[in-house]
Amino acid sequence: MTTIHKLLEAQGKQGVLALGLDRDVVEAASAYMADEENGLGFIYSGWAQCALPHRRLPAHEAWQMSSDRVKLIIQPGIKPIPNSDELEHVGVPFGAHARLILLFLQTEAIRTNSREIELGKSLRQWIKRIGIQPSGSSARSVRDQAERISRCRLSFHIHNNETGTSALVNQAIVDGALFVSEGGAHSDKSYLEVAKLSEGYFEQLRKHPVPVQEAAVRAIANNSAALDVYIWLAYRLHVLTQKRLVTWAALKAQFGPSYKELYHFKAKWQKPLALALAVYPDAKIEVTDEGLILHQSPPPVKPRLLTRKPA
């Protein structure tokens, strides 16, 4: 992927597009290279190994997926039906907007060293900075995903293959939330204004944060699969001491559990991988018939930047 960055430096975006390369990948690489901000984001390392679903599930349906060390289970929350004694499932969070909200919550918690996070205008500003207009259907999606995140419960089952030990992180993401009526006291439309990360989740985040570049997230913000790959590479590559083969079967288990056939996953996953590499120029990987060969690479966020306050 280094080639596309060198081509952009030498020929510019229009020149590279004229070569017939994938437009989305070129646009992502170009946007990343042109971004002059040095904003940082932080996310719990568990999300680098297991992720949210990409598409909406039935509201009552739980979500689970596994990697080689972690199994994630997310149970959907419930809420009362307005003007009724009955309850309804809210559904598991999904897609790019849910990932961006999670990144915002965790980044703010690390930045302020506090579990309590003010949303409101700050969430709108951050979403807009990432590249999503907080209006119309996008605003409705952000509200929906924020509520799903605040009400769901997750379990990270973590297994250490070297020692044979295992651990369970079983908690809500958000411990307390304020839902403010959008259309008056009797409206059933509400949005998250103030959030408080659960104590257990906050402690895990503080112990195991993965730093990411806001510019990279901004360039691929509309592609949930690419965000997952980027976060995974940011977590894995810089700690390697030798090259590591990750088989296509293992990649499918982590990134494509909804695909029935391995060859379908391999064909579809090439695009998210290319997008992630477009915003991580220092990533060193090889795509082979067996899977991906990962090589030790510089982290996407230089260590000296971590001494600064996150943006």
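This is a predicted model: local features need pLDDT of at least 70, side-chain atom pairs count only at pLDDT 80 or more; totals for chains, interfaces and linings use all residues.
1. Basis. Local features need pLDDT of at least 70, side-chain atom pairs count only at pLDDT 80 or more, and totals for chains, interfaces and linings use all residues. Residues are numbered from 1 along each chain as its sequence is written, and side-chain values use heavy atoms, with hydrogens and water left out.

2. Helix 3 on helix 8. Helix 3 (residues 95–112) packs against helix 8 (residues 224–236) at about 40°, axes 8 Å apart. Helices are DSSP runs of H or I, at least four residues; strands are E, at least two. Axes are lines fitted to C-alpha atoms, for helices over the stretch in contact, and angles run from 0 to 180 degrees between N-to-C directions. On the helix 3 side, G95, A96, R99 and L100 make the contact (heavy atoms within 4.5 Å). Their partners in helix 8 are S224, L227 and D228.

3. R148. This residue lies in helix 5 (residues 136–151). R148 counts as buried because its relative accessibility is 5% (buried means under 20% relative accessible area, 1.4 Å probe, protein chains only). Leaving aside residues up to four places away in sequence, R148 touches R56, V90, G91, V92, P93 and F94.

4. Three strands form an open sheet, order 12-14-13, with antiparallel pairing (at least two DSSP bridges between two strands). Strand 12 (244–247) and strand 13 (285–287) are the edges; each has a single partner strand, so one side of each lacks a neighbour in the sheet. The twist averages 20° from one strand to the next.

5. Strand 12 with strand 14. Strand 12 joins strand 14 (residues 291–294) through 4 bridges. R244 has L294 as its bridge partner. Helix 8 also packs on the sheet, touching strand 12, strand 13 and strand 14.

How values were computed: Buried means under 20% relative accessible area, exposed over 50%, partly exposed in between (1.4 Å probe, protein chains only).
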